[in-house]
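Subject: Structure handover and findings

Hello,

Here is the structure we spoke about. Please open it alongside this email; my notes follow below.

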Amino acid sequence: MTHKGRFITVEGTEGVGKSTNLAFVKQWIEAEGHGVLVSREPGGTPLAEEVRELLLAQRSEPVDPAAELLLVFAARAQHLNQVIVPALNRGEWVLCDRFTDATFAYQGGGRGLDTQLISALEQQVQGDLRPDLTIVLDIEPEVGLARAAARAELDRFEREDIAFFNRVRQGYQQRIEQAPERYVQIDAGQPLEAVQRDIHQALIRLAQSLAKPG
């Protein structure tokens with residue numbers, strides 16, 4: 001299915017600076033003359049935001065990894081059909097704070113779930129829809145978690161141990177290796193000016209690729 005708009009996602013482990021850099025990308029898209037819808041996952045619709053609260057809340061009951069995975073995709077199905085796909089069809093650009101790459105990284109890498117199962121759910125829920133560009137902000141997990149802890153009270157995921165986040169980071173690396181043309185990995189440990197310079201270069205390359213005939 002061909003959409004008129006473009007789809008950009010921003011990924012990374014905790015504390016990489018996604019919010020700040022999402023605002024930077026949004027500004028660039030608008031400066032290029034495109035309408036842009038900014039959203040997040042899990043979330044993006046009232047129902048999906050309720051699922052997000054379920055996923056992030058601290059609880060005494062252990063959360064089964066398969067249950068976690070299915071909740072993520074339930075929220076994604078709602079988000080896609082109510083928000084993302086309609087926006088793309090209107091010709092808007094969609095900028096999303098995390099998407100299915102996070103599921104492969106967190107539930108696949110972090111939780112150890114079978115990535116073939118995740119791929120099957122991805123195909124069922126998304127069909128052939130994939131982001132045009134995925135910006136992966138990469139940082140040493142210890143540094144990112146220290147940033148996250150200084151920012152606000154930690155959620156259920158942010159309270160996982162460092163080994164979990166090392167596996168998540170490796171999950172992102174595996175995704176990049178499988179389809180390097182879709183990803184740009186950026187060192188989020190750099191000063192913000194350098195991070196955004198690198199993001200800007202990636203956006204320019206995307207714009208150039210879209211301008212090519214055919």
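Start at Gln190. Leaving aside residues up to four places away in sequence, Gln190 touches Val195, Arg197 and Asp198. Contact means heavy atoms within 4.5 Å. Gln190 sits in the loop between strand E5 (183–187) and H8. Helices (H or I, at least four residues) and strands (E, at least two) are DSSP runs, numbered from the N terminus. Gln190 and Ile139 are 51 residues apart in sequence, yet their C-alpha atoms are 9.1 Å apart in space.

Some ground rules. This is a predicted model, in which local features need pLDDT of at least 70 and side-chain atom pairs count only at pLDDT 80 or more, while totals for chains, interfaces and linings use all residues. Residues are numbered from 1 along each chain as its sequence is written, and side-chain values use heavy atoms, with hydrogens and water left out.

**The cavity**

Ile139 turns up again here. It is one of the residues lining the largest cavity, along with Gly12, Thr13, Val136, Leu137, Asp138, Arg169 and Tyr172. On a 1 Å grid over the protein atoms alone, a cavity is a set of points where a 1.4 Å probe fits but cannot get out; a pocket is an open set with protein on both sides within 12 Å along at least five of seven lines; lining residues have an atom within 4 Å of a point. The count comes to one cavity of 30 Å³ or more. The volume of the largest cavity is about 30 Å³. Grid points are joined across faces, edges and corners, and a volume is the space filled by probe spheres set on the points.

Strand E4 (133–138) and helix H7 (162–178) each supply at least two residues of this lining. E4 gives the most, with three residues. By class, the cavity lining has four nonpolar, two polar and two charged residues. Here Ala, Val, Leu, Ile, Met, Phe, Trp, Tyr, Cys and Pro count as nonpolar, Asp, Glu, Lys and Arg as charged, and the others, Gly among them, as polar.

**The pocket**

The largest pocket has a volume of about 760 Å³. It is lined by 30 residues; Glu14, Lys18, Arg52, Arg98 and Glu158 lie nearest its centre. The lining divides into 10 nonpolar, seven polar and 13 charged residues. H4 provides the largest share, four residues.

Look at Arg98 in particular. Arg98 is in the loop between strand E3 (93–97) and H4. Its phi is near 70°, a positive value in a residue other than glycine.

One more backbone point. The peptide bond from Glu41 to Pro42 is cis, with omega near -10°. Pro42 is in the loop between strand E2 (36–40) and H2.

**Helix packing**

Axes are lines fitted to C-alpha atoms, for helices over the stretch in contact, and angles run from 0 to 180 degrees between N-to-C directions.

H1 and H8: the axes of H1 (residues 18–31) and H8 (residues 192–211) come within 11 Å and cross at roughly 40°. H1 is therefore oblique to H8. Angles under 35 degrees count as roughly parallel, over 145 as roughly antiparallel, 65 to 115 as roughly perpendicular and the rest as oblique. The contact includes Phe24 and Trp28 of H1 and Ile199 and Leu203 of H8. Its residues divide into nine nonpolar, four polar and no charged.

H3 and H5: the axes of H3 and H5 (residues 115–126) come within 10 Å and cross at roughly 20°. So H3 is roughly parallel to H5. Leu69, Leu70, Phe73, Arg76, Ala77 and Leu80 of H3 meet Leu117, Ile118, Leu121, Glu122, Val125 and Gln126 of H5. That contact has nine nonpolar, one polar and two charged residues.

H4 and H7: these axes come within 8 Å and cross at roughly 130°. H4 and H7 are therefore oblique to each other. Among the residues that meet are Phe104 and Tyr106 in H4, and Phe165 and Tyr172 in H7. The contact has eight nonpolar, three polar and three charged residues. Tyr172 also belongs to the cavity lining.

Best wishes
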